[in-house]
Amino acid sequence: MPWPAWVPLGLVTALAGTALVVPAPAAAAATGAVLDPAHSSVSWQSPVYAKGTGGGPGDCPAPGTDPGNEVCDRFDLAVSVPAGYWDDNPEGGVPLAVRWEHPTDDFDLYVYDDHGAQVASSAGTADPEATVIPRASGTYHVVVVPYDVHDNSFTGTAYLPATEDAGDLTSFSGRDGSYTIRAGGLVARADFLTGGQLRLQADPSGSLSDPAGTEIVRAEPAADRHTSSFDAGDYYGVRASGAVLRVYKKPLRFGLYKADDRTRIWQEDKPLRWSTGGMRQSLDRGAHEQFFGGGEQNGGFSHRGRTMYVSNSFDWDEGGYNNSQPFYLSSAGYGVFRNTFAPGVYTFGAPVTTGQQERRLDAYYFLGDAKQVIGKYTKLVGKPFMPPVYGLEPGDSDCYLHNANRGERHTLDALKVADGYTEHQMPLGWMLVNDGYGCGYEDLQQTAQGLRDHHAQLGLWTQDGIDKLADQVKAGQRVAKLDVAWVGDGYRFALDACDAAKKGIEDNSDARGFVWLPVSWAGAQRCGVLWSGDQQLSWDYIRWQIPTYAGATMSGIAYDTGDVGSIYRHDAKMYARDLQWKAFLPSIMTMDGWATDLTTKKPADQQPWLDGEPYTSINRKYLQLKERLLPYMYTLSAGAAKSGVGAVRPLWLEYPDDPGTLGANAKYEFLSGPDFLVAPVYQDSDTRDGIYLPKGTWTDYWTGRTYQGPTTVNGYHAPLDTLPLFVREGAVVPMWPKGTTSWQTRDRHELDWDLYPSAHGTSHYTLYEDDGVTRDFAKGAAATQRVSVHRDPHGTSVSVGASKGAYTGKVTDRTYRFTVHGGSAPAQVLVDGRRLPASAWSFDPATHVTTITTASLPLDRGFGLRLVDKR
C-alpha cells in the first residue's frame, strides 16, 4: 500500500527513515474496511461517474436504491483503537482523503457516525478533499458526492497515525540571533527577530523546510542579533530582548520566559511529538490563563477548556470555522502563529496541545498584551486593509440575469432596487448585481452609471476566475465577491485569489480594492471582508454570530460579518433584530433572491423596506444611525490599518482584568470601538436580561439613564425598535448630520460631536479624514482633528483642535453641533470666551442633553467651547 496520495513527497521520504511502526494495510472490502492496530491504512477505488449531482448528500438516493454506488459513493470505515489512543496524538483522529483521476472535476466528502450525525466533511474544490474524523472510534459512513464530474473516479485513503517523541538534546550551537538544536534525527532552529518575536522551527527529517514560502509572511522580520547564550545545567538559555528561551537537555523541550528567566511565558510539559502526518506541541496551562484567536470560530471567542479547529470548513453554523486561522493569543502575554497552510487542532485543556496536520513545526511567537500581539501578528501577515468609505455603508446582493429562483430578469433591473433605497431614504453603498451560481451580467457600464447616480458602487460576484476583472473594473466595478470555488487547491489558492482580486481593482482604477470572501486563511485581513457563509435564519443564528465577529478581531480580522437576516429564510421581526445590531459592524450586506418567508413559505426578497411598517421605519432608523456614525467607524478603520485591532471587540479586549468579561452574559454582547457596548436581543422578547456592564459609568443611548459598572442589568425594556446600547463615560463620538443617507450627499460643512464627559480627568479623541475612495491616503493625503473634553466643578470644557493635513475635497470651514450628555442645564455657553445666544443651544431635561450649534468656523484654527454650570 503506498502512502496516501496527499502526503507530500518529502514527508514520504521522512516517514521511511523513522522508527514509526506501521502495520500492514487493511484489505479493503467492496463496501468498507477496518482500521485497528493490525491494519493501519486503507484505500478504495470508486466507480466511474458519468456526471455529477450538482448538490450535496441530500441529492444522493438511499443506499438501498443506489446499487453499486452508481450515483454517490459510500464506504463504511470501522475504527477500533485502544482507550486513550487519541489523547496525545498530533492528528487527533483518522485522516481521510479522496483524490480524483481528473483534477478538473469536483467530488465532495462527508462523514457520518452510526447515529447519522455529520462528524467531518470537505466540500470545496480542493483535490484531494481531505478531512479528519476527530477521535475516531466506532463505525463511520463515508459518503462521497460527485458534485461536478465528467466520466471521473477517485481513490479514497484513510490511516491510523503512529507517533514518536523527541529524545535528548545532542547538539546546541549558534550566535547572532540564530541557534540550531538537534535531538537525534530531529533538527530545530530558533531565530530571534526584532520587535520581540521568535521563530521556532523543528523537523524530524533532519532538514528544515518552508512550504508556505512568502504566501502568508510576505517578508521575514529582521534578525535580532543582540542575543547571548548560556549553560544553566539542565538547559541552555538564549537571552534576547525582553525574553529568555530555555532549551532543556533531557529530553529536549522548550520554554519561553521573561527577561528575569524566572517568570514563565510558556513552557512545554512534554517533548515535541510527531506522527505519520502531524506534529504537536504540549504546554503547561496557567491556573487562570485564557486563550483567544483561531480566526473566525462560529459561536465563540474565548477558548479555555475547548478544542479549536483550524481548517478548510464549509460548516456555516455554530461550531464551524470556515475563516479560521492558525493563530492564537494567550492572556499570559504571548501569541503564536503557525506558518503553514495545513489544518490544525488546538486543545486548550491542561495541558494545552496544539498542532497542524504536517510533520514539522514552524511557529512565530509574539510577546506583549493582547493588542500588542494582534499588532505584531498582523504586521507579519498583513495589516487590515483600509476600506473605501462606501464599503462601510450597507450593501445589497442579488442575481438578476438567469436567476432560477426569481425568474428571468435583466442586470439593469438592479437599478429598480436602488430606486427603492433612495425612495425610502436608506443608505446604499454598493450592489452585487450577479450574485448567484451561473448568474452572468449584461449592460455593465449602464448598470455601473445607474448605481453611481444613486451614490452606490457596482460589485460583481465570481465563482471561477478573475481573468475578466480588468475589463469589469474599467466598466465600473469597485467591489469583488469571491466564492467557495476560490478555495481551489487548498487554502493557498483562496488567499492568492483575495490578494489578486484586490490588486485587480487597484491596478485598473484609482479605487481601493474592496473584496468579500467566505473561506480564507491567515493573511486574508490584508485584502478582504470575511463573512460567515450561507446560513438559515433563527433566533439561534442571531445569538451565535455575536461572539463570532467579536472573536475574529482577536486574530486581527477587522472586517467580519454575516448576511443580514441570513440568506435562505426570512422573518420580518428577526430581520429587524438582526439588522439593528449589525449596524454596529463595519461591513454589512443584505442577500436577496434566495430566501423563503418562514410564515408564508413563499419566496421573499430582503430589502429593508419590503416588510412594511413598523419594520421599514425601524430598519431605516438603524441604517441612518449607521450612516451618521461613519466618521467614528472610518476612524476606527484607519486605526485598524495601523494597529491591527478592528472595531468589533469582545469586552475582555478592553477590560482584561475583569473576569466578568469572560462570563456567560458578556459572551453575547460586544464593543463597537471602545465606546459603544451593544447587547443584541436574540430572543423573541421585548426584554433583555443579563447585560453585563464593566467598570465605569455607562449611559443608555436612548434614555440617558446611567449605570455604574461592574453590574448586570436584567429586565431591560427593549421593544422591537430598541437595541440595548450603552456608551462609555468619556466617549467622544464624531457623527455626520441627521438625515444623512450617503457619504457623497452629506453636508460636508457640518460635523456633529456626541460627548459623554467623564466625571474625572480629560477625554481625548482624534478624528481621521481623507477623500474616502482613492489610495492617496497612503501617500499622506489625510487630515486629523483632536478633540478634548474636561469636566470640572464649574462646568465642561471642550477643546477642538485645528484640522491638520490636506486631501482632495476637504472643506475650509464647517459648523459644529455638540450634544453634551449629563448634568443640568448650563447657565451659559461660551465659544472662545464669547457668550452664545440662547437660540444657539438648548437643554433636554428628560435626557439631560445640552445641544449646541456653532457658527461656521475655519478648519485651520482650533477653538474652545465652555458650558458654565449654574451656581
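In the predicted model, the side chain of Glu 289 places a polar atom 2.8 Å from the backbone nitrogen of Gly 286, a polar contact being a pair of N or O atoms within 3.5 Å, one able to donate a hydrogen and the other to accept it. Glu 289 is located in the loop between strand E21 (279-283) and strand E22 (291-295); strands are DSSP runs of at least two residues and helices of at least four. Glu 289 is buried (under 20% relative accessible area, 1.4 Å probe) yet forms no salt bridge (a side-chain nitrogen of Lys or Arg within 4 Å of a carboxyl oxygen of Asp or Glu). The nearest side chain of opposite charge, Arg 264, is 5.1 Å away.

Residues are numbered from 1 along each chain. Local features require pLDDT of at least 70 and side-chain atom pairs pLDDT 80 or more, where pLDDT is the predictor's confidence in each residue, from 0 to 100; side-chain values use heavy atoms. The mean pLDDT of the chain is 93, with 96% of residues reaching 70 or more. Over residues 1-30, however, the pLDDT is below 50.

Helix H7 (residues 539-552) has a kink of about 25° at Gln 545, shortly before Pro 547; the bend is the angle between axes fitted to the seven residues ending at a residue and the seven starting there. Of the 14 residues of H7, 13 are buried. At the start of H7, a side-chain oxygen of Ser 538 comes to within 3.3 Å of the backbone nitrogen of Asp 540.

Val 733, in strand E47 (residues 732-735), is buried, with a relative accessible area of 0%.

Technical notes. Buried means under 20% relative accessible area, exposed over 50%, partly exposed in between (1.4 Å probe, protein chains only). Lys and Arg count as positive and Asp and Glu as negative; His and the chain ends are not counted. Contact means heavy atoms within 4.5 Å.
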